[in-house]
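Thanks for sending this one over.

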Amino acid sequence: MIVRNLGLVAYEPTWRAMQSFNAARSESTDDQIWLVEHPPVFTLGLAGRREHVRAPGAVPVVGTDRGGQVTYHGPGQAIAYVLLDLRRLGIGAKELVRRIEQAVIELLERRGIAGSRRAGMPGVYVGEAKIAAIGLRIARGCSYHGVALNAALDLEPFTRIDPCGYAGLASTRLADLGVHDRVSAVQQALADSLLRCLTRP
């Protein structure tokens, strides 16, 4: 599995690159994890309803092909896109979500933070607040999109949407929980944790 750090890149070209990568895959194509940050953007999943974007202001809104509702991406968020052949890994979409959640939970645990799941609400939570959002697309038996972990980003834009379609859902970030690592360090830790969880039997 190859890990690529792409830095701060615009959302839409990155999404299109993931689509192209997936469309060109063969049985021998290596699985990849892309580590990125994005400039401010709201993204709407396939089931996303525009009314959940209540006050976007100057932040662009992009309709995309992942699952889920609406979320926000911005600088200071550690994003890992997982471009995986699920047939080769021998897992399905639900197990992939579970393993991604586990990777985040274990990353938090190493920093003394208790993360948890919520039934029917993919992602990872600390107390009542969401710290990591998951949105995936499965096509031709392979995945793209991935997980966004709030490290040190400005949380204010989350107040302008109903995160993941839930009005009033609180958001939190590592910086508010005593973890002040650079985003690059959080991205690397996330990649390491994903590699461990994705390659377990």
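The points below cover the open sheet, the pocket and the cavity.

1. A word before we start: this is a predicted model. Please read everything that follows with that in mind.

2. Let's begin with the sheet. Three strands form an open sheet in the order S4-S3-S5, and their pairing is mixed. The edges are strand S4 (61-63) and S5, each of which pairs on one side only. From one strand to the next, the twist averages 25°.

3. Now look at one pair within that sheet. Strand S3 (residues 41-44) and S4 run parallel and are joined by three bridges. In general, strands of a sheet pair through backbone hydrogen bonds, and they may do so in parallel or antiparallel fashion.

4. What lies across these strands? Helix H1 (residues 11-23) lies across S3, S4 and S5. The helix runs at about 15° to S4.

5. Next, the open space. Rolling a probe the size of a water molecule over the atoms shows where empty space is left. The largest pocket holds about 500 Å³ of space. Its lining counts 28 residues, and those closest to the centre are Gly67, Gly68, Pro122, Ile134 and Gly135.

6. Which elements give two or more residues to the lining of the largest pocket? They are strand S5 (70-73), helix H3 (93-109), strand S8 (121-126), strand S9 (129-139) and strand S10 (142-150). S9 gives the most, with seven residues. By residue type, the pocket lining divides into 16 nonpolar, nine polar and three charged.

7. Searching the whole structure turns up one cavity of 30 Å³ or more. The largest cavity contains about 80 Å³ of space. Fifteen residues line this cavity, with Thr71, Lys130, Ala133, Asn150 and Phe158 nearest its centre.

8. Who contributes to the cavity lining? Two or more residues come from each of S5, S9, S10 and strand S11 (170-171). S9 gives the most to this lining, with four residues. The cavity lining divides into ten nonpolar residues, four polar and one charged.

Definitions and conventions. Residues numbered from 1 in each chain as written. Predicted model: local features only at pLDDT ≥ 70, side-chain atom pairs only at ≥ 80, totals over all residues. Heavy atoms only, no water. 1 Å grid on protein atoms, 1.4 Å probe; cavity = no way out; pocket = protein on both sides within 12 Å on 5 of 7 lines; lining within 4 Å. Points joined across faces, edges and corners; volume = space filled by probe spheres on them. Nonpolar A, V, L, I, M, F, W, Y, C, P; charged D, E, K, R; others polar. Pairing = 2+ DSSP bridges. Axes fitted to C-alpha atoms, helices over the stretch in contact; angles between N-to-C directions. Contact = heavy atoms within 4.5 Å.
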